[in-house]
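Dear colleague,

A short account of the findings comes after it.

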Amino acid sequence: AKTHYHDFVVQATKVTRLCKTRSSITVNGQLPGPTLEVNNGDSLVIKVVNKAQYNVTIHWHGVRQIRTAWADGPEFITQCPIRPGGSYTYRFMISGQEGTLWWHAHSSWLRATVYGAIVIRPKERDSYPFAKPNHESVIVLGEWWNANPIDVIRQATRTGGAPNVSDAYTINGQPGDLYNCSKKDTFIVPMGSGETNLIRVINAALNQQLFFTIAGHKLTVVGADASYVKPFTTSVLMLGPGQTTDVLIKGDQPPRQYYIAARAYASAQGAPFDNTTTTAILNYTTTATSAASNSNPIMPNLPPFNDTKTATAFTTSFRSPGKTLVPTTIDENLFITAGLGINQCPKNANSNTCQAPNGTRFTASMNNVSFVLPSNYSLLQAHHHGIPGVFTTDFPATPPVKFDYTGNVSRSLWQPVRGTKVYKLKYGARVQVVLQGTSIFTAENHPIHLHGYDFYVVAEGFGNFDPKSDTARFNLVDPPLRNTVSLPVKGWAVIRFVADNPGTWIMHCHLDVHIGWGLAMVFVVDNGVGQLETLEQPPEDLPVC
Ligand code: C2O
């Protein structure tokens with residue numbers, strides 16, 4: 001196994017998109033940032049130097065971070081932010097994961113432009129569980145704002161309203177042919193006739209689930225979130241922010257150009273959304289000539305933005321390739337609601353701060369707790385050194401009130417309590433979490449991401465979770481292993497994992513606007529007793545608050 005050394009310089013860079021140039025925060029001046037290419041079992045040492053004017057941290061999304069929670073990266077959860085002028089070196093290993101992950105800033109809305117891919121190939125003596133592809137490409141889906149994204153979220157936080165939607169979706173940082181001033185930079189994927197291409201698709205968008213397709217080509221899904229899956233064929237993918245999907249495509253079509261395209265899956269009822277389409281080009285090349293370089297690429301059909309049927313058909317197609325280690329006995333059984341709400345504004349509040357519908361403020365919660373980040377210590381420091389007063393351990397294992405989560409409910413439920421509440425798990429506990437979406441204010445899909453773990457998605461469905469009838473539907477044989485589950489609109493999903501990684505691990509909606517509103521909670525997993533179960537000591541350069 002190798003150790004890979006990288007320097008990530010976070011800096012302001014002039015970036016031009018949609019005919020406008022603005023200063024953007026990037027890593028090493030690149031958008032997207034550098035792709036990390038490693039083999040399973042390798043180690044990474046990444047020195048992050050902050051030359052920007054904002055606090056920053058970097059999270060290695062989906063990397064298990066076994067015993068290395070100090071390198072996980074979410075601001076105020078596992079570390080204090082790296083201040084302007086500061087630096088921090090992340091040291092961690094990739095163990096047992098193969099496929100595609102990614103990295104991103106985990107501080108305010110910086111991940112709008114601070115993100116990149118992590119490609120994990122098998123150990124050098126191993127091979128893929130499918131025939132070696134002729135070519136591999138990475139497709140990172142993102143969003144572009146003409147305004148500074150940090151200002152967009154600051155404005156929304158100040159007013160209590162919803163933030164402005166982005167001005168474009170992007171593929172590898174580029175909006176593509178269908179947007180103004182974007183044609184010459186459209187990303188091109190080469191395709192050889194008769195060859196096979198492995199495409200690693202990452203949804204790095206800030207606030208949008210996306211459908212993804214390629215004109216004329218079947219997509220054979222072989223992996224997701226750095227785990228292999230039992231291959232299945234589809235014409236369209238749906239990815240929530242945080243999710244990755246690896247697909248194989250065959251060069252079995254007449255040689256010319258085909259659009260690769262992504263567009264919103266916007267399940268929120270009545271919410272504004274950006275319905276434009278980002279594109280790249282699949283370009284057949286032959287030995288004689290670069291095929292059809294001036295032809296009009298063929299445009300695929302994408303499902304309509306509210307096509308929950310297609311989204312669900314896709315997300316429920318995943319199986320692990322064989323039998324799994326899914327826990328069949330459970331020590332901790334939690335029921336956690338996830339959804340939006342609105343807070344009444346105090347009578348004397350300035351109307352400029354209450355711009356959600358009817359003079360309210362948006363909020364979001366899990367089990368009616370709207371999560372508040374600490375500010376003086378990270379939760380991991382507080383936990384590790386026993387610093388009191390930073391968090392409380394009273395996050396409820398079940399919702400404080402039972403109600404019809406998918407219906408209209410009493411106003412009192414619109415008012416979550418704010419707090420830095422964690423749930424403690426014993427090392428080694430076998431955990432089940434029933435995630436239940438609510439529609440207190442509006443119903444929508446929530447991509448729920450857990451740090452520090454992969455979990456099995458044993459079932460998902462619509463309506464209120466019913467412990468009797470729905471338990472019978474659990475797949476305890478070959479459920480897929482994920483780090484982000486797309487919690488269906490007005491529905492539920494059940495995940496299981498073994499709490500075998502000590503640390504403080506945030507579980508949150510990966511729509512960034514929902515994190516800001518409090519759609520998060522934290523598991524604190526105790527150290528085990530043995531050397532191999534214990535969290536490593538904090539690195540000397542760990543930033544202080
Ligand atoms: Cu991809 Cu908490 O993040």
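Predicted model: local features only at pLDDT ≥ 70, side-chain atom pairs only at ≥ 80, totals over all residues.

Residues are numbered from 1 along each chain as its sequence is written, and side-chain values use heavy atoms, with hydrogens and water left out.

The protein chain is assigned domain 1 (1-126), domain 2 (130-320) and domain 3 (332-533); the bounds come from an automatic or database domain assignment. The centres of domain 2 and domain 3, taken over C-alpha atoms, lie 28 Å apart. Their contact (heavy atoms within 4.5 Å) takes 32 residues from domain 2 and 33 residues from domain 3.

Across this interface there are 2 salt bridges (a side-chain nitrogen of Lys or Arg within 4 Å of a carboxyl oxygen of Asp or Glu). Aspartate 478 forms a salt bridge with lysine 230, with 3.4 Å between the closest N and O atoms. On the side of domain 2 that touches domain 3, the elements giving two or more residues are α1 (149-159), β15 (227-234) and α2 (308-315); helices (H or I, at least four residues) and strands (E, at least two) are DSSP runs, numbered from the N terminus.

In α1, Pro149, Ile150, Val152, Ile153, Ala156 and Thr159 are buried (under 20% relative accessible area, 1.4 Å probe, protein chains only). These buried residues pack against β2 (20-27) and β21 (360-366). Just after α1, glycine 160 takes a positive phi of about 80°.

With kind regards

Definitions and conventions: Buried < 20%, exposed > 50% of the residue type's maximum accessible area, 1.4 Å probe, protein only.
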